[in-house]
Amino acid sequence: MTGYDAVDKALLTALAPDPRATVVALADRLGLSRNTVQARMARLEASGAFLSFERSMDPAPLGYPIEAFISVHVRQKLLGEVVDEIGRIPEVIQAHGLSGSIDLLVRVVCRDAHDLFRIDGEILAIDGVERTETSLAMGELIPYRLAPLLER
């Protein structure tokens, strides 16, 4: 799907504050038929418009109350292998390739400072990793959101 039309945007805007809304509730709220909503939702889902449900799960009740960001400097020729190895570390919940002086920004969760030290050591032990810099997340100040873009 290359873009969203007005109906798609209305559906996504309605789902932003209430992602568990039923097809019936969405149809009523938007003044659309249930069949239209169902078909649009299926099309949006098939196109990859919805991200993984895991993105909204809190790792703290799983025993991982601390979140950190690890900046990873990599030998460029080994970037693919480094990413594959980092992906095998269970505490890594996300990673982004960046432009600029940092090659990868890795988001991790951990049980405590010792656990973070261990995770950082696992990353440093990967062939191709030159160095890391670790920052503790002190709190999420702006949560992941798209509603302002949809309302634009």
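Visitor: In which strand is T132 found?
Guide: This is a predicted model. The strand in question spans residues 129–136. T132 is found in strand β4.

Visitor: Is T132 buried or exposed?
Guide: The relative accessibility of T132 is 16%. Buried means under 20% relative accessible area. T132 therefore counts as buried.

Visitor: Which side chain does a polar contact join to that of T132?
Guide: Leaving out residues up to four places away in sequence, T132 touches I70, S71, V72, D120, I123 and L124. A polar contact of 2.9 Å joins the side chain of T132 to that of D120.

Visitor: Which residues does I123 touch, not counting those up to four places away in sequence?
Guide: I123 is one of the residues with the most contacts inside the largest nonpolar core. T132 has I123 among its contacts. With residues up to four places away set aside, the list for I123 is I70, V72, I86, I89, V106, V129 and T132.

Visitor: How many residues does the largest nonpolar core have?
Guide: Those with the most contacts inside this core are V72, V82, I86, V106, V108 and I123. At least two residues of the core come from each of β1 (66–74), α4 (79–86), β3 (104–110) and α5 (113–124). Apart from it lies another core of 11 residues, including L12, L15, A27 and L150. The largest core has 18 residues.

Visitor: How far apart are the end C-alpha atoms over residues 4–65?
Guide: An unreviewed UniProt entry annotates residues 4–65 as "domain: HTH asnC-type". Over this range the chain is 50% helix and 0% strand. The end C-alpha atoms are apart by 37 Å.

Key
Residues are numbered from 1 along each chain as its sequence is written. This is a predicted model: local features need pLDDT of at least 70, side-chain atom pairs count only at pLDDT 80 or more; totals for chains, interfaces and linings use all residues. Side-chain values use heavy atoms; hydrogens and water are left out. UniProt positions are given in the numbering used here, feature names are shortened, and annotations may be inferred rather than shown by experiment. Helices (H or I, at least four residues) and strands (E, at least two) are DSSP runs, numbered from the N terminus. A nonpolar core is a set of buried Ala, Val, Leu, Ile, Met, Phe, Trp, Tyr and Cys residues joined through side-chain atoms within 4.5 Å. Buried means under 20% relative accessible area, exposed over 50%, partly exposed in between (1.4 Å probe, protein chains only). Contact means heavy atoms within 4.5 Å. A polar contact is a pair of N or O atoms within 3.5 Å; within protein, one must be able to donate a hydrogen and the other to accept it, and residues adjacent in sequence count only if both atoms are side-chain atoms.
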